[in-house]
Amino acid sequence: MAGKAPEEHRAAVMVSEAPPFWWTKADWRAWALWPFSFLYGRIAGYRMTHARRASVLVPVICIGNFTVGGAGKTPTALTIARAAKAKGLRPGFLSRGYGGSLDVTVVVDPAHHRAVAVGDEPLLLAREAMTVVSRRRVEGAERLVKEGADLIIMDDGFQSARLAIDYALLVIDTTRGLGNGHTVPGGPVRAPISVQMRYASALLKVGKGNAADAIVRMAARAAKPYFTASLKVCGENDLAGRKVLAFAGIADPGKFFRTVESLGAEIATGRSFGDHEHLSDDEMADLLSIAERDDLLIVTTSKDFVRLAGHHGKAEELAARCRVIEVEMAFEDPQAPGLIIDRAIEACRERRLRKSRKPG
């Protein structure tokens, strides 16, 4: 497989598991799927509205989004956890473990588990705080409480309607917004926006684009506050003027490519893979071959890197050659994460008080 020229990688940056037409103006494909989107939306909306949500003893903060795909949930969850630890709390992450194979509730050990078992995001979360992976969210939340967590941070799961949430922060990317605005399968929206907005506590705008303006106005009409933030590259940057091979298997590879270019690097070859995709030996050998042939520095995301960790052969060789571009979510208001935690704690107290007043 030949390497893509820089102009070719720009045409491929939106490649992911989500169809590209989801992220452009609604066309005939979105409208042809509208009956299925309508049915999906009705079921998802009914589920969010009428499902019985289990309650746990500690505050629950959910970092979610309106759409399928990445908007910056994991970096946001990490920022909230750091703020919680600064307050003297012991936060714990709850993840479904997308991309992992385990079907049991387990406390993630980053020194023992691999991404193929627990998923890539839980491995990143576990570096910061205790992390439990569970397909059954209530069981996972109860395990976190048993292990001593006094604050639960859910990475995704807003639409699952399994667990009582004290504060739901919905992250929205200002470049992609809601895409074509249609519900799955005709678009990326997970449930009717009006229903999702009802259960949201606040929005987090990420970036400086204008694709989220309409949803922010809708939030304002619903008396929902919003915060603003941006993804900030961690550590020193010495990529200016360097020619690189950039690869990413995340929901929005284009965001990563733009970050690399913002650091002054020239992307000579760019490769996009499916979200959470584990690369084959042939794909990894191809990346290594291109980098060697064209004398390119290999750069990738932290999620892609942890999928290589713990393996031997081509994965170990590729990991050794990779420069990881680490990012963190920087809130415009540094006090915002602490405020979110305080409101979640207050909401939890009110939830438990209401429950104690119920007869029986």
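Is strand 9 (residues 243-248) enclosed by the rest of the structure or left open, and how many of its six residues are buried? I counted five of the six as buried, so strand 9 is largely enclosed by the rest of the structure. Buried means under 20% relative accessible area, exposed over 50%, and partly exposed in between, with a 1.4 Å probe and protein chains only. Strands (E, at least two residues) and helices (H or I, at least four) are DSSP runs, numbered from the N terminus.

**Ground rules.** This is a predicted model, in which local features need pLDDT of at least 70 and side-chain atom pairs count only at pLDDT 80 or more, while totals for chains, interfaces and linings use all residues. Residues are numbered from 1 along each chain as its sequence is written, and side-chain values use heavy atoms, with hydrogens and water left out.

**Domains.** I looked up the division next. Domain 1 covers 50-232 + 330-352, and domain 2 covers 235-325. The bounds come from an automatic or database domain assignment. Taken over C-alpha atoms, the two centres lie 27 Å apart. I then checked how the domains meet. In domain 1, 19 residues are in contact with 13 residues of domain 2. Contact means heavy atoms within 4.5 Å.

Nine strands form an open sheet in the order 3-4-2-5-1-6-7-8-13, with mixed pairing. Strand 3 (106-107) and strand 13 are at the edges with a single partner strand each, so one side of each has no neighbour in the sheet. Two strands pair if DSSP finds at least two bridges between them.

I followed the end of the sheet that holds strand 13. Strand 7 (residues 202-206) and strand 8 (residues 226-233) run parallel, joined by four bridges. Lys-205 has Thr-228 of strand 8 as its bridge partner. Strand 8 also runs antiparallel to strand 13 (residues 327-331), through five bridges. There, Ala-229 stands opposite Phe-331.

I went back to strand 9 for its partner. Strand 9 is parallel to strand 10 (residues 266-272), with six bridges between them. Phe-247 is paired with Arg-271 in strand 10.

I then took two of the listed residues in turn. Lys-73 sits in helix 4 (residues 73-86). Lys-73 counts as buried because its relative accessibility is 10%. Beyond four places in sequence, Lys-73 contacts Ile-63, Gly-64, Asn-65, Asp-155, Asp-156 and Val-171. Thr-74 is also placed in helix 4. Its 4% relative accessibility makes Thr-74 buried.

**Cysteines.** I looked for disulfides, meaning pairs of cysteine sulfur atoms within 2.5 Å. The structure holds zero. For Cys-62, the nearest cysteine sulfur is that of Cys-348, 15 Å away. Cys-62 is buried at 0% relative accessible area, and Cys-348 is buried at 4%.

The peptide bond from Val-184 to Pro-185 is cis, with omega near 10 degrees. Pro-185 lies in the loop between strand 6 (167-173) and helix 8 (193-199).

Ala-223 is not a glycine, yet has a positive phi of about 60 degrees. Ala-223 is in the loop between helix 9 (213-221) and strand 8, and is exposed at 67% relative accessible area.

His-276, again not a glycine, has a positive phi of about 65 degrees. I found His-276 in the loop between strand 10 and helix 11 (281-294). His-276 is buried, at 14% relative accessible area. Leaving out neighbours within four places in sequence, His-276 contacts Tyr-98, Gly-99, Asp-120, Glu-121, Gly-249 and Arg-307.
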